[in-house]
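Hi,

Here is the structure we talked about, ready for you to open. My notes follow below it.

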Amino acid sequence: MLFLGMLKQVVSRTAQSKASSCRKLVLPWQFLGSSQHRVPANVNFHSTSFSEAEPPRVLITGGLGQLGVGLANLLRKRFGKDNVILSDIRKPPAHVFHSGPFIYANILDYKNLREIVVNHRISWLFHYSALLSAVGEANVPLARDVNITGLHNILDVAAEYNVRLFVPSTIGAFGPTSPRNPTPDLCVQRPRTIYGVSKVHTELMGEYYYYRYGLDFRCLRYPGIISADSQPGGGTTDYAVQIFHAAAKNGTFECNLKASTRLPMMYISDCLRATLEVMEAPAECLSMRTYNINAMSFTPEELALALRKHAPDFQITYCVDPLRQAIAESWPMILDDSNARKDWGWKHDFDLPELVATMLSFHGVSTRVAQVN
Ligand SMILES: NC(=O)c1ccc[n+]([C@@H]2O[C@H](COP(=O)([O-])OP(=O)(O)OC[C@H]3O[C@@H](n4cnc5c(N)ncnc54)[C@H](O)[C@@H]3O)[C@@H](O)[C@H]2O)c1
């Protein structure tokens with residue numbers, strides 16, 4: 001009975017905290033009874049308090065994918081090369097290995113994670129390890145292990161050592177019953193991929209750990225991310241990266257989505273800047289733990305049209321992959337990111353014309369067109 005009474009107090013305080021805008025609420029978790037989790041009753045027992053003047057000591061997991069190396073470069077410029085550790089289970093290419101600290105970190109090995117956080121005095125963690133939508137459907141047990149069990153390890157270690165934690169979510173966290181145009185932050189989320197289900201789980205678990213243990217969990221729902229110098233890792237929006245490689249190589253591209261499939265997209269530098277900005281935002285500005293961020297939305301047909309303004313001979317054909325098409329049709333067309341803009345000043349720099357010009361110039365296409373003309 002005593003426990004039930006306390007639980008009611010906790011629930012009613014949680015409800016009040018939503019009304020009282022920007023105030024962070026740390027619940028009296030020690031009253032909530034014992035848990036099977038590895039997070040000790042006193043979660044701050046192992047933590048060290050860092051002075052505000054000291055830059056964070058950063059760990060990036062899954063850092064050798066499409067986004068991790070770019071994030072490391074950005075964070076190293078901000079916090080110093082040696083304060084940002086890139087990690088993965090894959091072997092790094094030479095240029096990455098020599099560009100700053102790199103270590104092996106398997107997120108399924110909890111002991112390994114604890115050692116890293118302790119030995120390197122980690123205070124901020126960017127958790128990028130994941131199996132994305134298409135590869136996740138191809139190997140559901142592995143996706144479940146990496147995206148769900150791995151996340152549990154990360155949450156526990158971050159809560160235990162008082163680490164500020166960023167985990168990206170995705171447009172894939174929505175499903176066919178979510179409003180698609182636009183998709184608000186709070187709405188029905190019933191995705192039909194293991195990737196989407198694991199990301200809804202991430203959003204909810206992160207928010208739960210925030211209220212339950214005071215974990216400083218921050219999360220952004222990324223659109224499809226377009227990058228010039230890194231390859232996508234098996235998602236449904238990959239075509240929007242591959243099309244530029246193809247345009248540069250042979251001027252033609254076979255697209256695996258229908259011409260009219262509209263999806264939210266973002267250039268990588270906007271995505272990484274948003275990630276740093278939300279991590280640096282004062283806690284009192286954040287009214288939610290998970291925010292949509294938006295930049296542009298387009299269809300393959302519209303992207304091809306924009307490409308042809310620079311490379312008039314570019315040709316696109318379509319050979320639809322039913323799996324990816326079904327996934328894309330269950331995802332948002334446009335994200336409503338008004339809360340991110342209001343709370344912590346999010347603003348994107350790249351719309352479709354800037355994206356196309358930047359990507360083509362990286363691949364040397366505009367130079368070639370200019371020479372031909
Ligand atoms: N790229 C996008 O368009 C996009 C869009 C929305 C969200 N996201 C999210 O951003 C994050 C990074 O995405 P990405 O595109 O760089 O992914 P990616 O697939 O390119 O890379 C993921 C990395 O995780 C690593 N990994 C796999 N199993 C691991 C394990 N057991 N331990 C440690 N690392 C492991 C892989 O080796 C790989 O390098 C992911 O969480 C993804 O869900 C990406």
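**Around the ligand**

A backbone N or O atom of Tyr128 sits 3.4 Å from an oxygen atom of the ligand. Before going on, please keep in mind that this is a predicted model, in which local features need pLDDT of at least 70 and side-chain atom pairs count only at pLDDT 80 or more, while totals for chains, interfaces and linings use all residues. Residues are numbered from 1 along each chain as its sequence is written, and side-chain values use heavy atoms, with hydrogens and water left out.

For Ile225 a backbone N or O atom lies 2.9 Å from an oxygen atom of the ligand. Taken alone, the ligand exposes 840 Å², and the protein buries 93% of that (Shrake-Rupley areas with a 1.4 Å probe).

The shell around the ligand has 26 residues, of which Gln66, Asp88, Arg90, Tyr195 and Ile225 come nearest (a residue is counted if one of its heavy atoms lies within 4 Å). These shell residues divide into 14 nonpolar, nine polar and three charged (nonpolar covers Ala, Val, Leu, Ile, Met, Phe, Trp, Tyr, Cys and Pro; charged covers Asp, Glu, Lys and Arg; the others, Gly among them, are polar). Strand S6 (169–170), helix H7 (194–213) and strand S8 (224–226) each supply at least two residues of the shell (helices are DSSP runs of H or I with at least four residues, strands runs of E with at least two, numbered from the N terminus).

Strand S6 includes Ser169. Is Ser169 buried or exposed? Ser169 has 2% relative accessibility, so it counts as buried (buried is under 20% relative accessible area, exposed over 50%, partly exposed in between, with a 1.4 Å probe and protein chains only). The side chains of Ser169 and Glu203 are joined by a polar contact of 2.6 Å (a pair of N or O atoms within 3.5 Å; within protein, one must be able to donate a hydrogen and the other to accept it, and residues adjacent in sequence count only if both atoms are side-chain atoms).

**Aromatic rings**

How many aromatic pairs does a search of the whole structure find? The search finds eleven (ring centres of Phe, Tyr or Trp, the last by its six-membered ring, within 6.5 Å; planes under 30 degrees apart are stacked, over 60 edge-to-face, the rest tilted). The planes of Tyr267 and Phe350 meet at 45° with the ring centres 4.5 Å apart, so this pair is tilted. Tyr267 belongs to strand S10 (residues 263–267) and Phe350 to the loop between helix H12 (338–344) and helix H13 (352–362), 83 residues apart. Both Tyr267 and Phe350 are buried.

Tyr291 and Trp344 make an edge-to-face pair, 5.9 Å centre to centre with 80° between the planes. This pair also links distant parts of the chain, with Tyr291 in strand S11 (residues 290–292) and Trp344 in helix H12, 53 residues apart. Tyr291 and Trp344 are both buried. Ring pairs also link Phe79, Trp124, Phe126, Tyr128, Phe166 and Tyr222 into a cluster.

**Backbone notes**

Most residues other than glycine have a negative phi, and most peptide bonds are trans. Asn181 and Pro182 are joined by a cis peptide bond, with omega about 0°. Pro182 is in the loop between S6 and H7. Arg121, which is not a glycine, has a positive phi near 50°.

Best wishes
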